[in-house]
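This briefing goes through a two-part question: how the chains meet, and how the side chains pack. Please keep the structure open while reading.

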Amino acid sequence: MSGVLRSVKNVTKGYSSVQVKVRNATSNNAWGPTGTEMADIARITYNSSTDFYEVMDMLDKRLNDKGKNWRHVLKSLKVLDYCLHEGSELVVTWARKNIYIIKTLREFIYLDEESRDVGASIRSSAKELTSLIMDEERLRAERQNRGSWKSRVTGLEDM
Amino acid sequence: NATRNVDLTKSETELTTNIRKATSIEESAPKRKHVRQCIVYTWDHKSSASFWNGIKVQPIQADEIQTFKALITVHKVLQEGHPIALKEAQANVSWLESLMRGTSGGVMGSDGARGYGPLIQEYIFYLVSKLQFHRNHPEFNGTFEYEEYISLKSINDPNEGYETISDLMNLQDQIDSFQKLIFSHFRSGTNNECRISALVPLVQESYGIYKFITSMLRAMHTTLGDDEALSPLRGRYDAQHYRLVRFYYECSNLRYLTSLITVPKLPQDPPNLLSEDENAPALPA
């Protein structure tokens with residue numbers, strides 16, 4: 001259902017193809033983002049500055065989404081993590097400058113209909129990402145050595 | 001320049017809503033999403049003026065829960081907000097103090113129907129001391145996160161370092177008495193979420209202070225090599241260490257709290273601060 005609605009919205013709201021890519025990768029579907037989606041988005045961050053900002057603005061919007069859309073938040077953290085490693089240097093600058101967006105997600109809470117605390121994965125992702133962004137040396141090293149972080153940001157299954 | 005794309009006019013209206021919801025009448029934690037929006041607002045606008053204006057016009061004084069939640073919200077904004085929030089808070093100390101009226105310390109002379117009176121009073125004492133500390137030591141951020149330059153600074157001026165450490169220890173003592181008061185006000189048969197949510201910033205702040213004191217004291221021992229002069233601070237440090245171990249142990253049994261933040265694990269005994277000790281444990285992470 002949400003998939004159909006999203007593709008209608010993509011058209012009616014006039015989203016660009018870049019925005020659509022980010023929206024699809026960070027949707028409410030129980031699966032994803034896939035490695036292909038993330039690699040695609042990371043590659044786009046090297047394009048024009050318009051493309052770069054379309055990616056970041058959409059991620060920003062998703063990161064600040066309400067609790068009901070906790071999957072938007074979690075998946076955006078994953079995509080951001082991926083882009084910090086494989087994307088352009090501008091992503092690193094953006095993340096440093098706006099770190100409070102990620103830092104303040106470390107206490108994210110949302111209880112779903114069955115009172116299940118679905119915020120836990122967001123809290124731990126946000127903690128992990130915050131310490132990575134603040135540790136310039138580690139990020140530098142991880143951007144050079146791709147293998148070591150991949151396990152963390154491969155596709156999310158069974159959410 | 002990689003800045004966020006924020007609609008500044010829209011966020012002003014949203015801020016008012018967020019403050020109202022964060023300080024609602026329900027006996028629960030201030031909702032994180034609303035507190036978060038207040039924090040994010042101060043970064044986006046590099047100003048906390050609207051936050052203060054907004055919280056001052058809320059009718060929080062009429063209700064003890066609302067007052068307590070407002071204090072938690074203020075504390076969180078001071079900790080996590082833009083550094084300007086700490087500076088701008090100085091002009092609002094008397095407003096904070098005015099919230100004491102209506103609690104047991106004030107004209108009504110009661111604990112409040114749900115017993116928040118003493119907690120409100122102690123919270124205000126703490127926040128006022130915290131703000132005074134930040135006024136005297138503007139180089140510290142709201143959560144006392146470890147920065148190397150601070151300990152370097154204290155080495156260059158040992159007298160100032162001594163004073164800073166003892167000011168930090170005074171704050172640590174206040175946190176300790178406040179947390180004890182909160183624990184003693186737990187009510188059986190309730191989830192105590194509202195009270196526990198005040199412990200969250202206290203755990204974070206006490207640990208930040210602890211890390212600072214540990215590294216500053218160790219740095220001073222290295223430079224001064226004067227064990228005698230520093231011995232009063234060492235005695236106090238050890239005593240505070242044991243109290244913190246106990247505080248964190250009690251927090252580790254509160255599921256609401258441990259689900260939210262990682263409660264620090266300290267070694268049972270205080271680390272050795274003397275540099276001669278080759279086996280001195282590493283600084284707390």
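How many residues does the contact take from chain A and from chain B? The contact takes 21 residues from chain A and 21 residues from chain B. The model is a predicted one. Together, chain A and chain B bury about 1,900 Å², with 46% of that area on carbon and sulfur atoms.

**Interface between chain A and chain B**

- A:Tyr100, A:Thr104 and A:Glu107 supply 37% of the area that chain A buries against chain B, more than any other three residues.
- The interface of chain A and chain B has 3 salt bridges.
- In a salt bridge, the side chain of B:Arg32 meets that of A:Glu107 at 3.6 Å, N to O.
- Between chain A and chain B, 11 residue pairs are in polar contact, counting residues at pLDDT 80 or more.
- On the side of chain A that touches chain B, the elements giving two or more residues are α4 (49-63), α6 (89-97), α7 and α8 (120-134) of chain A.
- Of the elements on that side, α4(A) gives the most, with 4 residues.

**Aromatic pairs**

- Over all chains, the count of aromatic pairs is 16.
- A:Tyr100 and B:Trp43 form a stacked pair, with 5.1 Å centre to centre and 10° between the planes.
- This pair crosses between chains: A:Tyr100 lies in helix α7 (residues 99-103) of chain A, and B:Trp43 lies in helix α2 (residues 32-45) of chain B.
- A:Tyr100 has a relative accessible area of 8% and is therefore buried, the cut-off being under 20%.
- B:Trp43 has 24% relative accessibility, so B:Trp43 counts as partly exposed.
- The pair of B:Phe51 and B:Trp52 is edge-to-face, because the planes of the two rings are at 70° and the cut-off for that class is over 60 degrees; the ring centres are 5.6 Å apart.
- One aromatic cluster is formed by B:Tyr207, B:Tyr210, B:Tyr237, B:Phe247 and B:Tyr248.

**Nonpolar cores**

- In soluble globular proteins, nonpolar side chains tend to be buried together.
- The largest nonpolar core here has 77 residues, and B:Phe68, B:Leu168, B:Phe247 and B:Leu257 have the most contacts inside it.
- Helix α10 (residues 193-224) of chain B provides the largest share of this core, 15 residues.
- B:Phe247 belongs to the aromatic cluster and is also among the residues with the most contacts inside the largest core.
- Leaving out residues up to four places away in sequence, B:Leu168 touches B:Phe133, B:Phe140, B:Phe144, B:Ile209, B:Phe212, B:Ile213 and B:Met216.
- A second, separate core has 42 residues, including A:Ile41, A:Tyr100, A:Phe108 and B:Val40.

**A loop position in chain A**

- A:Lys13 sits in the loop between α1 (2-12) and α2 (17-25) of chain A.
- Is A:Lys13 buried or exposed? A:Lys13 is exposed, because its relative accessible area is 52% and the cut-off is over 50%.
- A:Lys13 and A:Leu59 are 46 residues apart along the chain, and their C-alpha atoms are separated by 17 Å.

Methods. Residues numbered from 1 in each chain as written. Chains lettered and ligands numbered in written order. Heavy atoms only, no water. Phe/Tyr/Trp six-rings, centres within 6.5 Å; stacked < 30°, edge-to-face > 60°. Buried < 20%, exposed > 50% of the residue type's maximum accessible area, 1.4 Å probe, protein only. Core = buried A, V, L, I, M, F, W, Y, C linked by side-chain atoms within 4.5 Å. Contact = heavy atoms within 4.5 Å. Buried area = accessible area lost by both parts, 1.4 Å probe. Salt bridge = Lys/Arg side-chain N within 4 Å of Asp/Glu carboxyl O. Polar contact = N/O pair within 3.5 Å; in protein donor to acceptor, adjacent residues only side chain to side chain.
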